[in-house]
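User: I am new to this structure and would like to be guided through it by questions and answers. Please begin with any term that I shall need.

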Amino acid sequence: MTIAPERPRLRPPAGRPEPAGPERRRATGAVRASDVYAVLGAAAAALALTWLLFARLLPFSGTVGFVLVAYALFLGLYALLVSFDEDGPAVRDRVAGVVVRTLGLVLLAVLVFVVAFTLWEGRKALVHLNFFTEDMSLAGPLEPLDVGGVLHAVVGTLEQVGIALVLTVPAGVVCAVFLNEVPGPFARLVRTIVEAMTALPSIVAGLFIYATVVLALGMERSGLAAALALSVMMLPIIIRASDVVIRLVPGTLREASYAMGASRWRTVRHVVLPTARSGLTTAVILGTARGVGETSPVLLTAGFTAELNALPTSGAQVSLPLATFELVKSPEPNMIARGFGTAAVLMLLVLLLFVLARVAGGRGPGQLTKRQERRRAAASRADAARIAAAAGPGGARIRPATPRSTS
């Protein structure tokens, strides 16, 4: 065993300092103390200056104006404080980061306010068990909250959204696959129509189903007609989102499948769709969110009723958004409380549907659950046993191929 001699270390020329060592990587995502001090100092100074302007110097008033002036001063002062330690691009980056985080906090605050306000206004109705187990057939405007409920609206929403999903999910996924796997002039035309239909007003979808299905075909106003109207609204959302998700599947996966001799549709079934499963679940969630909260299409195609109708093919059927709209119009406090309680039930139902859809969609590509890992290990052991049994006790072992030497 021979040891290679150590290579002599090159020294820098005379007059130049020897490098101290490898350059340390700078952490770009860490929060430094100077950043925190700059934000706090700019916020305190902005509040003080705004109070001075509104209370002492200028005849300004109003909460909205105070907030806007304070925020503008905060941005200016924050940029000034950061400029003491950083250069121009870093200052612009810090200010842009503050603006983006502020917008995120505003959106989060609005969402929390909407949810909290709905729950607070409907708390009087939500504490009664009958609110979830009865309909409004025996509850008048002056009845107390221990009479009546929203069971009829919950059943109507579940049936209408369920029928709409049964119609739109297969059609939307198949159309998205067509747009990606069969390119051409017709695919471009279909994509253009789908993009235009994503902005279709809900009242137009309701009028379309009312004119074609109820008036022209003679179907009575029912939950099925409302589901068809919701399908018209949900379908372009699912197609557009699924199209984007399938387009993001790496082309190398398709090429590998084609190289192994698989056909186009077998590649779509066993490679493209499983890879995009999580994204397709998100597309279904977006389509459901578009259709579950609509009121006008249901009112036009299914009407309004205070009784429970579990048969979607005949008779009027109400949904949770429509029941909320009708209840909050009443001047009676109990009916208004029922309306906000109905809106709270709608939010909880939507949350439940989204959780179920996310669980059914599974994890992203390459991420396996514990059960999937056990199944994969069991399949590998079965394949190893099958190969060993096929080789036999005296069979030849498979050896790795060695490259041939060329001379």
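Analyst: A crossing of two helices is called right-handed if the near helix is turned clockwise from the far one by less than a right angle, and left-handed if it is turned anticlockwise. Please note that the model is predicted.

User: How many helices and strands does the protein chain have?

Analyst: The secondary structure of the protein chain includes zero strands. Its helices come to 16.

User: What is the hand of the crossing in which H6 passes H12?

Analyst: The axes of H6 and helix H12 (residues 277-292) come within 11 Å and cross at roughly 135°. That angle makes H6 oblique to H12. The crossing of H6 past H12 is right-handed.

User: How do the residues of the contact of H6 with H12 divide into nonpolar, polar and charged?

Analyst: From H6, the residues Thr157, Val161, Leu165 and Val169 take part. They meet Val284, Thr288 and Val292 of H12. The division is five nonpolar, two polar and no charged.

User: Are H6 and H7 parallel or oblique to each other?

Analyst: Helix H6 spans residues 151-181 and helix H7 spans residues 185-197. Their axes come within 9 Å and cross at roughly 135°. Angles over 145 degrees count as roughly antiparallel and those from 65 to 115 as roughly perpendicular. H6 and H7 are therefore oblique.

User: What is the hand of the crossing of H6 with H7, and how many residues of their contact are charged?

Analyst: H6 passes H7 in a left-handed crossing. The contact is made by Cys175, Phe178 and Leu179 on the H6 side, and by Phe186, Ala187, Val190 and Arg191 on the H7 side. Six of these residues are nonpolar and none is polar, while the number of charged residues is one.

User: Is Glu326 buried or partly exposed?

Analyst: Glu326 belongs to helix H14 (residues 320-328). Leaving aside residues up to four places away in sequence, Glu326 touches Leu299 and Phe304. Buried means under 20% relative accessible area. Glu326 has a relative accessible area of 22%, so Glu326 is partly exposed.

User: How far apart in space are Glu326 and Gly339?

Analyst: In sequence, Glu326 and Gly339 are 13 residues apart. From C-alpha to C-alpha, their separation in space is 7.7 Å.

User: What percentage of the residues of the protein chain count as buried?

Analyst: The accessible surface of the protein chain comes to about 26200 Å², and 66% of that surface belongs to carbon and sulfur atoms. The protein chain has 407 residues, and the share that count as buried is 32%.

Note on methods: Residues are numbered from 1 along each chain as its sequence is written. This is a predicted model: local features need pLDDT of at least 70, side-chain atom pairs count only at pLDDT 80 or more; totals for chains, interfaces and linings use all residues. Side-chain values use heavy atoms; hydrogens and water are left out. Axes are lines fitted to C-alpha atoms, for helices over the stretch in contact, and angles run from 0 to 180 degrees between N-to-C directions. Helices (H or I, at least four residues) and strands (E, at least two) are DSSP runs, numbered from the N terminus. Angles under 35 degrees count as roughly parallel, over 145 as roughly antiparallel, 65 to 115 as roughly perpendicular and the rest as oblique. Contact means heavy atoms within 4.5 Å. Ala, Val, Leu, Ile, Met, Phe, Trp, Tyr, Cys and Pro count as nonpolar, Asp, Glu, Lys and Arg as charged, and the others, Gly among them, as polar. Buried means under 20% relative accessible area, exposed over 50%, partly exposed in between (1.4 Å probe, protein chains only). Accessible areas come from the Shrake-Rupley method with a 1.4 Å probe; for residues, only the protein chains shown count as cover.
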